[in-house]
Amino acid sequence: MALTLSTLAIGKFDLIDSIGGGPLVAFLLITIFIKSAMISEYFMGLKVVRWRWRMIPLIYLIIVCGLIWIAYNRA
Amino acid sequence: MSETNLTQNQNREEYPPGDLVIWIFIYAELLVFGVLFLAYAFSRSNNLELFNESQKLVNQEAGALNTLILITSSYFVVRAVAAIREGRAEQCGHWLLATMITGSGFIVVKLYEFSEKFGAGISLSTNTFFTYYLSMTAFHFMHVVLGLIILAAVWFKNRRGGYSQEDHMGVETGASYWHMVDLVWIILFPLVYVIR
């Protein structure tokens, strides 16, 4: 919840424009990873499942967030 | 592998909760959304000014509110699964109902957002940003609607005594799908509404 509100604050106060994109976008991508990993680990219950199932969403998140980061820096 | 790690691995469940087919479906859906996210991110890098200007027109409060709604509803469905695992079918029904009510809140906010955009004359053909914005959010919206239909079916079956402490795979299957819908929105909201 707190991470979502911090995401909104970054957007609402145009912090990316005023402070500079890089660190804040990195922060947003890290919050995406943390929140999504918590959903898959705890809510979906993958924390107690064998690694091969557990790793799929985590690897997915690393690849998606990593490529978004690359695309952002390419702009 | 150490003895402790070996024991931990042996204690792990072989498969994720719910029907195995839903997990194949979930991973396939994540792949589709992943391609859309990356297509958006790389298109943005080629049309930076257009995307940044158009993004000022999206309703960030509505996006954030919908994130909070989906996280809350995901928590409710976790409680529903926990209740049926303990054999408390009535409580499971209550939590499923709470999930559907909060999930319907997402629908209301999203419809408001869509009507706001269409009312302002914005459509799929307005520009590249809005093509992505409308198609990705509408595609996700359809998943939320499907999730609500699945949860309603689970709720009805539970009401008729169809689930018990021993047999509750349907509840876990519906819950897993609902979490996927939440997970996708958690990526979509910052990417499309905030990152600029």
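From the N terminus onward, the elements of chain B follow the order α-α-α-α-α-α-α, where helices (H or I, at least four residues) and strands (E, at least two) are DSSP runs numbered from the N terminus. Chain B thus comprises seven helices and zero strands. This is a predicted model, in which local features need pLDDT of at least 70, side-chain atom pairs count only at pLDDT 80 or more, and totals for chains, interfaces and linings use all residues. Residues are numbered from 1 along each chain as its sequence is written, while chains are lettered from A and ligands numbered from 1 in the order in which they are written.

**Confidence**
- The model scores ipTM 0.87 and pTM 0.90.
- The average pLDDT of chain B (the predictor's confidence in each residue, from 0 to 100) is 91, and 94% of the residues score at least 70.
- Over residues 4–8 of chain B, pLDDT stays under 50, and the model has one contact beyond four places in sequence for them; two residues are in contact if their C-beta atoms, placed from the backbone, lie within 7 Å.
- Where pLDDT is low, the predicted coordinates should not be read in detail.

**Chain B overall**
- Taken along the principal axes, the C-alpha atoms of chain B fill a box of roughly 55 × 45 × 25 Å.
- Of the 196 residues of chain B, 40% count as buried; a residue is buried if 20 or more other C-beta atoms lie within 10 Å of its own, exposed if 12 or fewer, and partly exposed in between, with C-beta atoms placed from the backbone.
- Among contacts in chain B between residues at least 6 apart in sequence, 82% join residues at least 24 apart.

**Interface between the chains**
- Chain B contributes 35 residues to the contact and chain A contributes 32 residues.
- On the side of chain B that touches chain A, the elements giving two or more residues are α2 (20–46), α4 (60–85) and α7 (169–194) of chain B, and α7(B) gives the most, with 10 residues.
- By class, this side of chain B has 22 nonpolar, seven polar and six charged residues; Ala, Val, Leu, Ile, Met, Phe, Trp, Tyr, Cys and Pro count as nonpolar, Asp, Glu, Lys and Arg as charged, and the others, Gly among them, as polar.
- Leu67(A) is placed in helix α4 of chain A and touches Leu38(B) and Ala41(B), not counting residues up to four places away in sequence.
- Leu67(A) counts as partly exposed because it has 15 C-beta neighbours inside 10 Å.

**Largest nonpolar core**
- Ile68(A), Ala80(B) and Leu191(B) touch the most other members among the 67 residues of the largest nonpolar core, a core being a set of buried Ala, Val, Leu, Ile, Met, Phe, Trp, Tyr and Cys residues joined through C-beta atoms within 7 Å.
- Elements giving two or more residues to this core include α3 (21–43) and α4 (51–74) of chain A, whereas α7(B) gives the most, with 17 residues.
- Not counting residues up to four places away in sequence, Ile68(A) touches Leu29(A), Phe37(B), Ala41(B) and Leu191(B).

**Helix α5(B)**
- With 31 residues, α5(B) reaches 44 Å from its first C-alpha to its last, close to the 45 Å expected at 1.5 Å a residue; the expected span is 1.5 Å times one less than the number of residues.
- The buried residues of α5(B) include Trp95(B), Phe106(B) and Lys110(B), and what covers the buried residues includes α4, α6 and α7 of chain B.
- Just after α5(B), Gly121(B) takes a positive phi of about 80°.
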